[in-house]
Amino acid sequence: MGVVVKDMEITSTLPAAKIFKAFVLDSDELFPKVHPHAFKSIELVEGDGCAGSIKKITFAEEHIKHAKHRIDLLDKEKFIYHYTWIEGDALMNVFEKISYEIKFEAHHHGSVCKVTTKFFVIGDVKLDEEKLEAGKEKFIGLFRAIEAHVLAN
């Protein structure tokens, strides 16, 4: 198993507390509402929503039906959220798991979202950089859609 690490930063005009609430704490409701073509539902299937809890994501896309992720860390005061995809079509028989470490910080007149993604590859599989870039763009698109929803409401 190999590990590939990717980092990115996304700036926002929203304060860290506000975008953290929307993108993390309210994600179960907002993701399917804001991106219905991508998400059918997100439901807590185990735990209380804190570390150790498991969420099931049902996708609207044809080639990816569902995934489960485990919440590894949720710090509401420091605006930190870590979770790991542990099961489902989203792993594409390529990854053992995919871990995300997300932190929101104050930045100029808004905030910055810092994301570290760790792809735990099964065997000697070589990752397609174009697919990784497409996944990054989807993440940024979702972030921008949530940000626009908060700004509009």
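Biologist: How do the residues of the lining of the largest pocket divide into nonpolar, polar and charged?

Modeller: This is a predicted model. Rolling a probe the size of a water molecule over the atoms shows where empty space is left. In this structure, the lining of the largest pocket comprises 27 nonpolar, seven polar and 12 charged residues. The space in that pocket amounts to about 1300 Å³.

Biologist: Which residues lie nearest the centre of the largest pocket, and which element gives the most to its lining?

Modeller: Of the 46 residues that line the largest pocket, Tyr100, Gly135, Lys136, Lys138 and Phe139 lie nearest its centre. Helix H3 gives the most to this lining, with 11 residues.

Biologist: How much space lies in the second largest pocket, and which residues line it?

Modeller: The second largest pocket holds about 170 Å³ of space. Its lining includes Val24, Leu25, Asp28, Leu44, Asp48 and Tyr81. Helix H1 (16–25) and strand S4 (66–75) are the elements that give two or more residues to this lining. By class, the lining has seven nonpolar, one polar and four charged residues.

Biologist: Which residues of H1 are buried, and what do they pack against?

Modeller: The buried residues in H1 are Ala16, Ile19, Phe20, Ala22, Phe23 and Val24. Their packing partners are H2, S4, strand S5 (80–88), strand S6 (95–107), strand S7 (110–121) and H3.

Biologist: At what angle do H2 and H3 pack, and how far apart are their axes?

Modeller: Helix H2 (residues 27–34) packs with helix H3 (residues 129–152) at an angle of about 100 degrees, and their axes are 10 Å apart. H2 and H3 are therefore roughly perpendicular to each other. H2 contributes Leu30, Phe31, Lys33 and Val34 to the contact, while H3 contributes Leu142, Ala145, Ile146 and His149. By class, six residues in this contact are nonpolar, one is polar and one is charged.

Conventions
Residues numbered from 1 in each chain as written. Predicted model: local features only at pLDDT ≥ 70, side-chain atom pairs only at ≥ 80, totals over all residues. Heavy atoms only, no water. Axes fitted to C-alpha atoms, helices over the stretch in contact; angles between N-to-C directions. Helix = DSSP H or I, 4+ residues; strand = E, 2+ residues; numbered from the N terminus. Parallel < 35°, antiparallel > 145°, perpendicular 65-115°, else oblique. Contact = heavy atoms within 4.5 Å. Nonpolar A, V, L, I, M, F, W, Y, C, P; charged D, E, K, R; others polar. 1 Å grid on protein atoms, 1.4 Å probe; cavity = no way out; pocket = protein on both sides within 12 Å on 5 of 7 lines; lining within 4 Å. Points joined across faces, edges and corners; volume = space filled by probe spheres on them. Buried < 20%, exposed > 50% of the residue type's maximum accessible area, 1.4 Å probe, protein only.
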